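Trainee: I would like to learn how to read a structure of this kind with some care. Could you take me through it feature by feature, giving the general idea before the case at hand?

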Amino acid sequence: MQLIHCPWCGPREEVEFHYGGQAHIAYPEYPSALSDESWAHYVFFRDNTKGEFAERWSHSSGCRRWFNAVRDTRTYTFLKTYKIGEVAQ
Amino acid sequence: MSSERVDGSSRVDGYGRLDRSRTLRFTFDGQPYTGHPGDTIASALLANGVVVLGSSVKLGRSRGISASWTEDATGLIQIEEPFPEPMLLASAVELVDGMVVRGLNGQGRLAEVPDAARYDRRHHHVDTLVVGAGPAGLRAALAAARRGERVALIDDRPEAGGSLTGSETIDGRSSRHFVASVLADLAEYPDVLHLQRTTAFGHYDDGFVLALERRTDHLPATEAGNRSRQRVHRIRAQRVVVATGAHERPIVFADNDRPGIMLAASARDFLHRYGVLVGREVVLFTSHDGAYDTARDLAAAGASVTVVEARPQGPALEGVRAIPGARVIPGARVISTLADQEHQDGRIGAAVVIDAEGHEFFVNCDALLLSGGWNPTAHLFSHVRGALAYDSQLGAFKPAQSVPGTEVVGAAAGEGIQPGLVIWRVPGPRERQFVDVQRDSTVADIARAVGAGLRSVEHVKRYTTIGTAHDQGKTSGMIAAGITAELMNRPIEELGTTTFRPPYVPVAFAALAGRERGELFDPARKTALHEWHVKAGAVFEDVGQWKRARHYPKPGEDMEAAVLRECAAVRTGVGILDGSTLGKIDVQGPDAPALLDLMYTNMMSSLKVGSVRYGVMCGVDGMVIDDGTVVRLAEDRYMVITTTGGAAKILDWMEEWVQTEWPHLKVKLASVTEQWAVFPVVGPRSREVIGEVFGDLDVSNEAFGFMTWRDTELGGVPVRLARISFSGELAYEVNVNAWYAEAVWLKLLEAGAKHNITPYGTETMHVLRAEKGYPIIGQDTDGTVTPQDLGMGWAVSKKKPDFVGKRSFARAENQNPLRKQLVGLLPTDESTKLPEGSQIVEFAADGVLPAPPVPMLGHVTSSYRSAALGRPFALALLKGGRERIGDVVHVPVGEQLVAAQITSAVLVDPEGARRDG
C-alpha cells in the first residue's frame, strides 16, 4: 500500500485515490477543426511509457481534487505530485 | 528401538518454562491427554509420546512434528473444540484446557457452523517497527526507544527472546535476564508498543506492515472476555527493522519424512521451552558446528546422542569435540532410515549411516535430528523487492543491497550463523528423498521438472508444488533451489531462489475481513421511507448500494402478478413511487449554464427558470453515459438529476472537467441526493391527488405545464413539484426535504385513497418506461451506443459550437447505417417473454437455426409483460433497426426460434396524448 502525496492533503494511502490516465493531454480547442484521425488520437491514444510518466490522479476518497503526478512506471515510485495548472519542478 | 512410553515420560525435570503445578486436559484423536500451561499442542503430544499425527496428502505416509514453530512442514492438526479450524500447526497452537484435536490425514475440513468470534483491526503510525523480539530485535527496539522514537516491537511467539534458550550468556548475564531487563526498559517508554503473539505477515510499500495478533486462543474461555479473537495491525513505519532470525535447513536423504525426524534446534527448543526430550536415543545429522549445541544439551538432559558429521575432519571448534554422552562419526552421512518395528506406524526406528570408509550400518534411534545450516528469514525484506544474494559460506540466500526504510539485523541478515559444509542431499533413490514433506514432493519430482525442460526455480516450484504448502517452503525452498541447481549443473547463484510473497504464515479470511462482514460488509443505503416499504411488504432489490422497493405483492401474488396490477393502476388510476435514490447534483455559479452546455448534448443555457429539460450526457467518444432531467432553479443555479447508478460517477465526471479542463469556469457542484426525497405521483388521477394535497397550487395543465416546476409548501414544509414523466402518463414529482419524507408520503396516500392510489416499485417503473421506449442507460445501452442510436438525435444540439462528445458524432463509423439502434420487438405468438440478453438472428423460413456461424443482428436489452398491450414486448439493439420496422426476425430461446416483429421503441401512446392528462 503506497503513500501518495496529495498536494492538498499530504501523504495518504493509495486506496483513497483514483488513477486518471496520462496528464497534460489538453482538450482540443477546436475539435471540429480536427481530422478524424487527429480526433481519434485525442480520444483513444495514450503513451505507454516505461520510466517517468506524467499522470493525472484524483484524491477521490479525500478532498476529491484532481492533481498531477510524475511516476516511474518501472518501480511505481511517485517522483513528484503537483496541482493542476502547475508545472512539474 | 524406542522404548514404550507412558504419559509424560518425555518430560525432563528441571527444564522448560511451563507451569507444571497446573494440568490441562485435551484429547487427540479421541484419546485423553494432559499438558501444562505454556505447552503447545506439539509439545504436549510429544510429552505424551504421541509421535505420529496424521498422514500425508498424496502418498498417505505417516507424518509427525518436524519443527517447534511455524517452519514445521508436517505437524498439521484439525482443531474441533473450542472452534473447528483446519490445518493448524501443532507446534504453533498453544494448549488450553478442554481442547479437542485431531490429526490431519491429508486435508483439513472447514467449520460447518458460523464463526461467532470477533475479529478487528487497528492502525499504527510509528517511527520504527521492529519485527522479531530476539536479541537483535530487542537491541534495535531499545536503541530506537532511547532516541525518543515512537516504536512498535512485535514478535510471533508467546514470549520474547527469539531463539534464546535461556542457557546462553549475553552481556555477561543469563539470556533470560537480558530479555527481561530489555523488556522492563522498553516498558518505561510510553511510545513503545510491544506485542507478542503477533506475526508480521506482509510488508508492503512505504513501510506498511500487516501483522496478525492472536489475542484469545491461548486463554481459558472464562478469561477471553469480550476481546476480539484476532486483530490485524496495520502498521505504517518510517523504518522497518527485520529481526526475524533464521530457519534451520534440513538435509535430504531417502525416507527422510518419518515422524521422529526433526530439525535439530527444534529438539533443543522443545527441551528448553517445554521440558520435552524428543528422544532418548538421538541421531544428529549435521555439517556445521552450530548444531552441537543441540547435541550437548540433549546429552546433558539424558539422551544418548550420535552425531553423524558430514565434514571429514569433524567439528571445527575445539569446544564441541568432546561432549559427554555423545559420540561423533566424522565424514559420515545418513543415507536412509528404517521404521520402528514395534509401533508399526512409520515412525523412525533407525538411521542408515555410511561412514568415511564407505561402510553402511544402522544406528537405532527414536529421534533423528537434522541441521544442514541456517537460512536467514528474509521474507519481510523480500516482500518489498529486496534483492537476495547467495552466500556460499552459509549455503543460503541473504539480503543484499538495501531497500530504503528497511533494515535487516541479526541472523535474518546472515549475522552470527556459523558456516559449515553446504550439503543439500546425499546420493540415493530420488523418489524416496522428500524435499517438501507436506506436499509429498521428492527429488524425483525436481528431476522430472528439470527433465521436462524447466529452467527457472519459479517454474520448478509450480511444476513440483514444492514450497506451496501452509509453510510456503520455509524449510524446503532453499534445498529445492540447491538440488535443482545440482541437477541442472548450474551454479545456484545464477539460478536464484523463488520469491517470498505475503502472507508469511496462513491468515484466516475472517481476520482479514475483520468487522466488515454480514451487514457491515458493504454499506446499505436506505431511503427515508425504507421502514414504510418494509411494513408495506415490499420486495427489495439492490441498485448499487441502495435498497429499492421492487414491487409490493399482495397475498398470493408473484412478481409478475404484482407488476401487472401496479402497471394497470398507474395507467388507469394513480400510482406513487419512491424515486428518492435518483442522483441529484446542485450546480451553482455564474458559469453553471456554460458548464452544462459543455456537459450535455443539448442546450441547457436556454432553459428558462421554472422549466425542466431532459438531457443526455456522452463521453468524448460520443457514447451515452447518463441521462436525466435538468431543473433550472435560477439564472445561476440548476439541479441535475442523474440515474440512481450514475449519481457518483456523473458528479465525478463533471468535477473532472471543471477541475482539469475548465478551471476558469465559476461553478461549484455538490451532491444533494440524500437531502431530497422524491415521489413521482403518476397516472390520469394524479392531478386530482396533487390538487387536493397542495390546494394553494393551480395544477391545471395551463397553469402548470409539462416540464415545468413550482415551489409550494405543505404545513410549512417547502415542497417542489415538477411535471416530469418517466411513464408517459400525467405525473407530478414531489420533492421534499428527506426529513419530511414520510409525512408527505402519507398525506399523498391519504388523499389518493379514494382513487385507490397504488404504491409501485422499480419493476413497474421499468415496464412503464419501456412501453414508452425510454431507455435505461446501462441496461439498454452498453457504452457503444450514441444518442442517435437511441433515436434521440432530437436531444443533440446543432447550435452549440461544442460539447463533450460532439466531434465524435461526425466520425465515419457513427454514420454507418448498420449501427445497432434501439427498437421494439413484439413476439408474434403474443405469449413468449424473450429473455433479456437473447441474440437476434434473421428470420429462418424453415424454423431451423442455420449452421454456424449465424450472423448476429443484435440483442434483447429489456423484456417485460405489458398490462397495457396485453402481451409481452421487448426493447432491443438491432443493426439498422429503424429501417427494418415491420420485419420479422428470430430470437433463439433455448432450442426454439421465437419470431418477433420489429416495431418502434414506443409501444404505448406513441402520439404522447396521455402526459397532460
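**The interface between the chains**

Mentor: Contact here means heavy atoms within 4.5 Å, and by that criterion 25 residues of chain B are in contact with 23 residues of chain A. This is a predicted model, in which local features need pLDDT of at least 70 and side-chain atom pairs count only at pLDDT 80 or more, while totals for chains, interfaces and linings use all residues. Residues are numbered from 1 along each chain as its sequence is written, chains are lettered from A and ligands numbered from 1 in the order in which they are written, and side-chain values use heavy atoms, with hydrogens and water left out.

Trainee: What is the area buried between chain B and chain A?

Mentor: The size of an interface is often given as the accessible area lost when the parts come together. Buried area is the accessible area (1.4 Å probe) that two parts lose on being put together, summed over both; between chain B and chain A it is about 2200 Å², with carbon and sulfur atoms giving 48% of that.

Trainee: How many salt bridges and how many residue pairs in polar contact are there between chain B and chain A?

Mentor: A salt bridge is a side-chain nitrogen of Lys or Arg within 4 Å of a carboxyl oxygen of Asp or Glu, and the count between the two chains is 5. One of them joins A:Glu13 to B:Arg234, whose closest N and O atoms are 3.4 Å apart. A polar contact is a pair of N or O atoms within 3.5 Å, where, within protein, one must be able to donate a hydrogen and the other to accept it, and residues adjacent in sequence count only if both atoms are side-chain atoms; 17 residue pairs between chain B and chain A are in such contact, both residues being at pLDDT 80 or more.

Trainee: Which elements of chain B each supply at least two residues of the side that touches chain A?

Mentor: Helices (H or I, at least four residues) and strands (E, at least two) are DSSP runs, numbered from the N terminus. Strand 15 (230–242), helix 16 (647–660) and helix 20 (806–809) of chain B each supply at least two residues of that side, and the largest share, 7 residues, comes from helix 16 of chain B. By class, the side of chain B that touches chain A has 9 nonpolar, 3 polar and 13 charged residues, where Ala, Val, Leu, Ile, Met, Phe, Trp, Tyr, Cys and Pro count as nonpolar, Asp, Glu, Lys and Arg as charged, and the others, Gly among them, as polar.

**Sheets in chain B**

Trainee: In what order do the 5 strands of the open sheet with parallel pairing run?

Mentor: Two strands pair if DSSP finds at least two bridges between them, and the order in this sheet of chain B is 17-24-18-19-20. Strand 17 (261–263) and strand 20 (326–329) of chain B each have a single partner strand, so one side of each is left without a neighbour in the sheet. The twist averages 25 degrees from one strand to the next, where axes are lines fitted to C-alpha atoms, for helices over the stretch in contact, and angles run from 0 to 180 degrees between N-to-C directions. Strand 19 (304–309) and strand 20 of chain B pair in the parallel sense over 4 bridges, with B:Ala326 as the bridge partner of B:Val305.

Trainee: Which strands of chain B does helix 6 lie across?

Mentor: Helix 6 (292–300) of chain B lies across strand 18, strand 19, strand 20 and strand 24, running at about 165 degrees to strand 19 of chain B.

Trainee: What is the order of the open sheet of 6 strands in chain B?

Mentor: Its order is 40-41-42-39-33-43, and the pairing is mixed. Strand 40 (709–714) and strand 43 (758–759) of chain B stand at the edges, each with a single partner strand, so one side of each lacks a neighbour in the sheet.

**Backbone details**

Trainee: Which peptide bonds are cis, and where is phi positive in a residue other than glycine?

Mentor: Most residues other than glycine have a negative phi, and most peptide bonds are trans. The bond from B:Glu81 to B:Pro82 is cis, with omega near 10 degrees, and B:Pro82 lies in the loop between strand 5 (76–81) and strand 6 (85–89) of chain B. The bond from B:Pro852 to B:Pro853 is also cis, with omega near 0 degrees. In chain A, phi of A:Arg64 is near 65 degrees, and A:Arg64 is found in the loop between strand 4 (52–58) and strand 5 (66–72) of chain A.
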